[in-house]
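The sequence and the structure are shown first, and the description follows.

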Amino acid sequence: MSNSTGDKIKAGVNKAKGEVKDQIGNATNNRSLQAEGKKDKAKGAVQDKIADVKKHN
C-alpha cells in the first residue's frame with residue numbers, strides 16, 4: 001500500500017468518525033460532541049489533501 005493510499009484511508013476514517021460524532025451531537029444537542037465531530041472532519045479533509053499532493057509528486 002502506498003503512502004498516499006494510507007493517508008486516504010486515515011482521512012476517510014477521520015471524516016466518517018467526525019460525521020458520526022457531529023450527527024450524534026446534533027441529535028443529543030451536545031455542542032461539545034458536535035465540535036469534536038467538525039474537528040475530526042476537518043482533520044480528515046486536510047489528510048485527504050495531503051494524500052493528493054503526495055500522489056501527484
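## Annotated span and overall fold

According to UniProt, in an unreviewed entry, the annotation "domain: CsbD-like" covers residues 7-55. The coordinates discussed here are those of a predicted model. Within residues 7-55, 94% of the span is helix and 0% is strand, and the end C-alpha atoms lie 10 Å apart. The chain as a whole has 2 helices and 0 strands.

The C-alpha trace spans about 45 × 15 × 10 Å along its principal axes. Of the 57 residues, 26% are buried. Among contacts with a separation of 6 or more, 56% are made by residues 24 or more positions apart.

Helix α2 comprises the 26 residues 31-56. At 1.5 Å a residue, α2 should span 38 Å, and its end C-alpha atoms are 38 Å apart, so expectation and model agree.

Which residues of α2 are buried? They are Gln 34, Gly 37, Asp 40, Gly 44, Gln 47, Asp 48 and Ala 51. An α-helix has 3.6 residues a turn, so residues three or four places apart point the same way. The partner of the buried residues of α2 is α1 (3-27), against which they pack.

The loop between α1 and α2 contains Asn 29. Although Asn 29 is not a glycine, its phi is positive, at about 55°. Asn 29 is exposed, with a relative accessible area of 58%. At the start of α2, a side-chain oxygen of Asn 30 comes to within 3.1 Å of the backbone nitrogen of Ser 32.

## Salt bridges between the helices

The structure holds 9 salt bridges. Lys 8, Lys 15, Asp 48 and Asp 52 are linked in a network of such bridges. The pairs in this network are listed below.

| Salt bridge | N to O distance |
|---|---|
| Asp 48 and Lys 8 | 2.7 Å |
| Asp 52 and Lys 8 | 2.7 Å |
| Asp 48 and Lys 15 | 3.0 Å |

How are these pairs placed in the chain? The side chains of Asp 48 and Lys 8 meet in a salt bridge. Asp 48 belongs to helix α2 and Lys 8 to helix α1, so this pair ties together parts that are 40 residues apart in sequence. Lys 8 also meets the side chain of Asp 52 in a salt bridge. That pair links distant parts of the chain, with Asp 52 in helix α2 and Lys 8 in helix α1, 44 residues apart. A further salt bridge joins the side chains of Asp 48 and Lys 15. Here too distant parts are linked, as Asp 48 is in helix α2 and Lys 15 in helix α1, 33 residues apart.

Is Asp 48 buried or exposed? With a relative accessible area of 19%, Asp 48 is buried, and the cut-off for this class is under 20%. Asp 52 counts as partly exposed at 27% relative accessibility. Lys 8 is partly exposed, with a relative accessible area of 35%, and Lys 15 is partly exposed at 31%.

Notes. Residues numbered from 1 in each chain as written. Predicted model: local features only at pLDDT ≥ 70, side-chain atom pairs only at ≥ 80, totals over all residues. Heavy atoms only, no water. UniProt positions renumbered as here; feature names shortened; annotations may be inferred. Helix = DSSP H or I, 4+ residues; strand = E, 2+ residues; numbered from the N terminus. Expected span 1.5 Å × (residues − 1). Buried < 20%, exposed > 50% of the residue type's maximum accessible area, 1.4 Å probe, protein only. Contact = heavy atoms within 4.5 Å. Polar contact = N/O pair within 3.5 Å; in protein donor to acceptor, adjacent residues only side chain to side chain. Salt bridge = Lys/Arg side-chain N within 4 Å of Asp/Glu carboxyl O.
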